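Hi everyone, thanks for coming. Let me put the structure up on the screen, and then we can walk through its side chains together.

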Amino acid sequence: MEILNLSLPAANRFASNYLAQSKDVMPFFHYHFNDLNEDLKRTAELKERSFPRIETATHIESFMARFGTSEAVENSIEKLKREDSAVVIGGQQAGILTGPLYSIHKVISIIKLAEQKEKLLGIPVVPVFWIAGEDHDYQEVNHVYVPMEEKLDKWTYPKKIHSKPMVTDIPLDQEICREWVRNIIENFGESEHTKRLLEFAERQIEKSATFVDFFAYIIMELFKDYGLLLVDSGDKSFRQLQRDFLTEQIVNHEAITFSLLEQQKQIGDKGFPITIEAGEHAANLFYYDQKLKERILLEYDRAANCFVGKSGRVTFTQEELVEMAAQYPEKFSNNVVTRPLMQEWIFPTLAFIAGPGEISYWAELKLVFEQFNMKMPPIVPRLNITFLDRSVEAEVTQLNLKLEEVLQRGTNQEKEQFLETVKDKEVEMLFSSVKEELLKQYQFIEAKTAVIDRGLLPLLKKNESYLLKEIGFMETKLEDAVKQRHDIQLKKFSRINLALRPDGSPQERVWNIFYYLNQYGLTFIKDLMILPFEFDGLHKVIKI
């Protein structure tokens, strides 16, 4: 394996500006990323604050016990207890089979940055992955894509969920999952690694009771030797650590919303789109209905001085919410605004690993953090990675394509240009001429028909359309014959597209890590982890 660094724009304009540390966006952050002086300022700030280190470490140790431990994990737990330690943290939903590649890229980013910062600053730095188990968007986590005949095929986990439970509460039917996963891996195509990968997947399924379990078991099997710690935001015992902070959110809900909207106004005035949907009545908190297994977003009714759920399904006074937060914190969960606050209260965060979308929404939270006399941590863009198989690289070279352009927009434009060069222009002109002459003659026939019998005009139009359709059919057949003669070249364009820009999307948003584990074996992750990654904002093309 080797890394090729390329300068590519981020997925959105705001993130591109942030990568460049542009003066247009930096006023919305407290720190510049990847700057030693800023890291030193951040560590100094963390020393001035207190965190529930022992309680958090104890919870993580208990939570992770069932996922299998390692010396590196045990060391990380001990580090977290130390008063001078910090964490590098990031998170994602618990996608089935770990979801799209960007989840794996985020884990790698967290571990690598923690290693680098520990060496650079001389303090214990712990990698922490925050599983967003409290999220309820099942449609986001229940599928993977499989390449089928040079196209994408979406494979959805075959179990319907009709309510909106937190992902941490979604049970995993082991028998259904085992068959589904086996079919997926077999459809990746048999390799020398397929048998071992199937056995690996089945071992994780056998131990898993929920979607989050399945995600966590796989992640820990792949990354436990690097000291990665996991938390599940939907875990009831983790919510016990949050009771005092939930109270803070409830009591200060109006200030949180006001600060958010004010920051959004400032960002909008700079010409950037707003990421977080919020109105002046937002309470930025979900109530979890245990019977329905469903999260209900709360809003604040200022006139009635109470908190209400959608369509008036639940109603609470502030006093009732505060009492519930103290006694039953598992009844609440955070939204996109308050989750970063909760993370900041619990963990001494040296850096937050963010994707392009997260960079945008964190910018909207600066005034929210200041409301609680805190600064946002340095927001470090996660590693953007593309895996480039040597055979695909060879085809890119053979077709004289520019890799940077392929990664940004695929090969469709070049494919069409190639087809233009191999088209039989004479045949194209002949068909164009025939259709033009046909339409011209039918104008004369239409004029005569109108004089003789206007009732026949619809039939005439139908006859004209039929003939044009038949001519078009033959024209298409000849075009297909030309394509067939150049099928080898055209398939190269399609294979490159499928590998690097599937269905017009970045590779990391479509393909799943199991596709690569099937091709290159379970040691694929270890091979990746020895590479010298740098957090320099450049796109990492990994040649394999």
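Let's begin with a question: leaving aside its neighbours within four places in sequence, which residues is F29 in contact with? With those neighbours set aside, F29 is in contact with F14, Y18, I359, A363, K366, M376 and I379, where contact means heavy atoms within 4.5 Å.

Before going on, a word on what you are looking at. This is a predicted model, in which local features need pLDDT of at least 70 and side-chain atom pairs count only at pLDDT 80 or more, while totals for chains, interfaces and linings use all residues. Residues are numbered from 1 along each chain as its sequence is written, and side-chain values use heavy atoms, with hydrogens and water left out.

Now, the core. F29 is among the residues with the most contacts inside the largest nonpolar core, together with F223, L230, F347 and F514, and that core has 142 residues. By nonpolar core I mean a set of buried Ala, Val, Leu, Ile, Met, Phe, Trp, Tyr and Cys residues joined through side-chain atoms within 4.5 Å. Buried here is under 20% relative accessible area, exposed is over 50%, and partly exposed is in between, with a 1.4 Å probe and protein chains only. Helix 9 gives the largest share of this core, 11 residues. Helices (H or I, at least four residues) and strands (E, at least two) are DSSP runs, numbered from the N terminus. There is also a second, separate core of 19 residues, with L6, V392, V406 and V422 included.

On to the rings. How many aromatic pairs does a search of the whole structure find? The search finds 29. Rings of Phe, Tyr and Trp (its six-membered ring) pair if their centres lie within 6.5 Å; planes under 30 degrees apart count as stacked, over 60 as edge-to-face, and the rest as tilted. One of these pairs is F67 with Y217, which is edge-to-face, with 4.7 Å centre to centre and 75° between the planes. F67 sits in the loop between helix 3 (53-64) and helix 4 (71-81), and Y217 in helix 9 (residues 211-223), so this pair links distant parts of the chain, 150 residues apart. Both F67 and Y217 are buried.

Next come F387 and F524, an edge-to-face pair at 5.2 Å centre to centre with 70° between the planes. Because F387 lies in strand 14 (residues 385-388) and F524 in helix 24 (residues 524-529), the pair ties together parts that are 137 residues apart in sequence. F387 counts as buried at 2% relative accessibility, and F524 is buried at 0%. These two also belong to a cluster in which ring pairs link F188, F387, W511, Y515, Y516, Y520 and F524.

Charges meet rings here, too. The charged end of R295 sits over the ring of F286, 3.7 Å from its centre, and that of R339 sits over the ring of W130, 5.4 Å from its centre. For this, NZ of Lys or CZ of Arg must be within 6 Å of the ring centre and within 35 degrees of the ring normal.

What about charges meeting charges? Side chains of opposite charge can pair when their charged atoms come close. The structure holds 30 salt bridges, each being a side-chain nitrogen of Lys or Arg within 4 Å of a carboxyl oxygen of Asp or Glu. In one of them, the side chains of R66 and D213 meet at 3.1 Å, N to O. Is R66 buried or partly exposed? R66 is partly exposed at 42% relative accessible area, whereas D213 counts as buried at 7%.

For a local example, take K112 and E115, whose side chains form a salt bridge at 4.0 Å, N to O. Both lie in helix 5 (residues 101-121), three residues apart, about one turn of the helix. K112 is buried at 9% relative accessible area, and E115 is partly exposed at 33%.

Last stop: K270, in the loop between helix 12 (253-269) and strand 7 (282-289). K270 and V25 are 245 residues apart in sequence and 8.5 Å apart in space, C-alpha to C-alpha. Leaving aside neighbours within four places in sequence, K270 is in contact with D24 and F28.
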